There are 2 protein chains.
Amino acid sequence: MAKEFVEKITSMDDDFAQWYTDIVTKAKLADYSSVRGSMIIHPYGYKIWENIRDELDRKIKQTGHENVYMPLLIPESLLQKEKDHIAGFAPEVAWVTHGGEEELQERLCIRPTSEVLFGEYYKNVIHSYRDLPKLYNQWSNVVRWEKTTRPFLRTLEFLWQEGHTCHETEEEAVEETEKMLNVYASLCEDLLAIPVIKGKKTEKEKFAGATFTYTVESLMHDGKALQTATSHFLGDGFAKAFGIEFLNRDGNLQTVQQTSWGFTTRIIGAMIMVHSDNRGLVLPPKAAPTQVMIVPIASHKEGVLDHAYEIKNSLKDSVRVEIDASDKKPGWKFNEYEMQGVPLRLEVGPRDIEKEQVMFVRRDTGEKRQVSVHDLKSEVEKLLADIHDELYKKASLYLKEKTLIAFTLADMENFLREDNYLIQAMWCGNKDCENEIKEKTGATSRCIPFEQESIAETCVCCGKQAEDMVYWAKAY
Amino acid sequence: MAKEFVEKITSMDDDFAQWYTDIVTKAKLADYSSVRGSMIIHPYGYKIWENIRDELDRKIKQTGHENVYMPLLIPESLLQKEKDHIAGFAPEVAWVTHGGEEELQERLCIRPTSEVLFGEYYKNVIHSYRDLPKLYNQWSNVVRWEKTTRPFLRTLEFLWQEGHTCHETEEEAVEETEKMLNVYASLCEDLLAIPVIKGKKTEKEKFAGATFTYTVESLMHDGKALQTATSHFLGDGFAKAFGIEFLNRDGNLQTVQQTSWGFTTRIIGAMIMVHSDNRGLVLPPKAAPTQVMIVPIASHKEGVLDHAYEIKNSLKDSVRVEIDASDKKPGWKFNEYEMQGVPLRLEVGPRDIEKEQVMFVRRDTGEKRQVSVHDLKSEVEKLLADIHDELYKKASLYLKEKTLIAFTLADMENFLREDNYLIQAMWCGNKDCENEIKEKTGATSRCIPFEQESIAETCVCCGKQAEDMVYWAKAY
Ligand SMILES: [Zn+2]
Ligand SMILES: [Zn+2]
């Protein structure tokens, strides 16, 4: 039975992309729809998103932000107001040209992001330094006309939050940019057990219209990097384009300083590719819809089901616990909840009742052990915390093992020819070198990390004086 | 000062539409955007929506439903599968014709509702009676190309939830349709203090593609009715169009029976037009972002601010309480929070500290009274509950007063010539009479109420044998 089930998943060593798709569909997270590049998020996948969203929403509000809602559609003339922005997004927006039977006088695009809508709004509502800062956030869907798509990782439409703020000074806005990057980093690490590297994007990789972009990057099981979230310091670029001015404390007109930052359903793809294995999904406990699944053994025997429900009741105030009392075989259930990545399984059988104990099985390590029902509540809490820590430790170790130092372009080419790695290498700051590295190795600059190490004096590509240590990798 | 502020709102007796718009903008709920018919929901308006949404989401989950997410875009061919549905929605959908620089081979519409997406999905995932019922819900934005729009009431884009369920039997599906109508009704009454009339729509007014539509209707301050939420029994119309079949308990192929039901941001418009007055918004306490606003009086005097914060702390675990410690004048604050509809204001001044008391002012009745700080917590809870009850009672009384019985079409014409009323009148069931009534009086059939009263034997319009008592009104 076990074998039968496991056979259905492609091994990640054979075909990583297929392994990923298998997990997405077989763990019932999402599915393809008849709309190219758009996905259907199943209840199980959506519950994970709700857990992530609720925790992030709490953090966003805790840091003083308020939620608002802006329109889905953007008039073409509005999108064109900031030149770098439209240049970046024009190739990937969807255009509405007809409303009902009528052709529109001006095309409307479906928002790919909402800087211009917030820009126009802020121009109308900000007049004095007393109106600042404005700390707004929006939960919404956006559309980007991607050519190649994969569930969660890159979809035509995705769900996200986008923060948009206005400040009196550059200093304050930069501080906000950092603060929100740290919120994202702690969400990845504390909720999802995903270790991240914090840093700054290069000019080439920054957001269209930003002064600079901060990013949190993480490393997937196949050695490719994934940009997990970004936080942009917009400077006064959008503010000047939209005329967002205020009377400052000295009574003079001044342009605001802005930030924007976003976190998307893409994170679910990252979570899969960081933690899961060849038996299916592995969920970090804090994001898991069901943290503990109770499987009754020989449930037709007297007392077993009652005992299982008692155990559920004793746990339900402290963890998200379910019981599968269906008539399916225990073996089927074991496989199913391993596939679904439920962090902890409790088995309750006739002999366990006598001995006043329960068998637990950890999804991450497979560890199996008896525990007294009297210690169960504290033991389960401890185990879930431990699973989180172990997942984080394992992923951190993997990140460390897969990080290589390159001194020359030849090093990088060698490293990346047959496999994927995260590469640390020095860079002169010139875009030509960035382009050459990409061309020769397939790797892009992931970030200039805040934690710098001086590996060498010279650029890995051109040999000239280096400015920064940069992380490079093939990326999603 | 008070006068100055109040002057800014148009009286509802002078111009009801302008009064409504004034409240929406001056209470900072929403604003117009540069996108025709789309609104910007401000933080204050969005917090109200969050309170409503969270409570409805809780009820939807409590009744066994799970959240999912379907695509925003629908291929034209998919929308056309159910003929009544496309006929109803074709005139009001927005069409995407270009993705990036490319013209699409098939147009995509922005979902006006998602029956067809769920239809296609259910066809793929339902195979056996064991897969039923399917009880799914989605929180999303939809677009309908309305010609005339007003914030919350009728907008190009709105936020909502849409439930979509599949069942083995007609009986079960009809029961679900009723259950969800009752969820909506109790949300209106218990959370928003809005009395509703539950009933069935006529054939003419039902949802495009449904077998029948249940509705909750409520009456606005101007005597017009508003359809607050609807729940549709879809029968097997969509299921046949999409081929949603399952092996039933007898081993035969059978078509599923479906429902759909929705609740939108429109409810905020209803809430305004049922409770508010000429001094601004009046919020039902359970939906209010701030339930209690503390205004310190002579806050420069020793101890006042400390005392105000102490009071806030003593209340903050049981109610949503804020304090306005800004340097604005108390009079300005009084007006502002009346405008914003905060249910209860507490005034804390130097003399109150000595006497260990606080002054409260109710937003709904204007009642002003001293209360001992020692009784404050229980008194505040009691007052908020009382405000809810009073709002509900007042609205119910108004509904009763504005309901008239008509025996002839001439009655209806007379009643509705100069003013708006909810009219009870008998109807034969013929669409021609419905059309004639609309033509002569401007009123549409709101619903055939579940609670029937036999007013007369004959139809108010044609004089033939009557089938049902129907509520008629001009409507939003
Ligand atoms: Zn170089
Ligand atoms: Zn008639």
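Close-up 1. Ala193(A) counts as buried because its relative accessibility is 0%, and the model shown here and in the views below is a predicted one. Although Ala193(A) is not a glycine, its phi is positive, at about 55 degrees, and the residue lies in the loop that runs between helix H7 (170–191) and strand S9 (197–200) of chain A.

**Close-up 2. Lys28(B), a residue other than glycine with a positive phi.** The phi of Lys28(B) is near 60 degrees, and this residue belongs to the loop between helix H2 (16–26) and strand S1 (30–32) of chain B. With a relative accessible area of 42%, Lys28(B) is partly exposed.

**Close-up 3. The cis peptide bond between Leu132(A) and Pro133(A).** Omega of this bond is about -5 degrees, and Pro133(A) is placed in the loop between helix H6 (115–125) and strand S7 (134–143) of chain A. In chain B, a cis peptide bond joins Leu132(B) and Pro133(B), with omega again about -5 degrees.

**Close-up 4. Cysteines of chain A.** No disulfides are found in a search of the whole structure, over all chains. Cys461(A) is accordingly in no disulfide, and the nearest cysteine sulfur, which belongs to Cys433(A), is 3.9 Å away. Cys461(A) counts as buried at 18% relative accessibility, and Cys166(A) counts as buried at 0%.

**Close-up 5. The axis relating chains A and B.** Chain B is superposed on chain A by a rotation of 180 degrees with 0.0 Å of shift along the axis, at an RMSD of 0.0 Å, and the two copies are therefore related as by a two-fold rotation axis. Within chain B, the C-alpha nearest the axis is that of Val96(B), 2.1 Å from it.

Terms used. Residues numbered from 1 in each chain as written. Chains lettered and ligands numbered in written order. Predicted model: local features only at pLDDT ≥ 70, side-chain atom pairs only at ≥ 80, totals over all residues. Heavy atoms only, no water. Disulfide = S-S within 2.5 Å. Buried < 20%, exposed > 50% of the residue type's maximum accessible area, 1.4 Å probe, protein only. Least-squares fit on C-alpha atoms with pLDDT ≥ 70 in both. Helix = DSSP H or I, 4+ residues; strand = E, 2+ residues; numbered from the N terminus.
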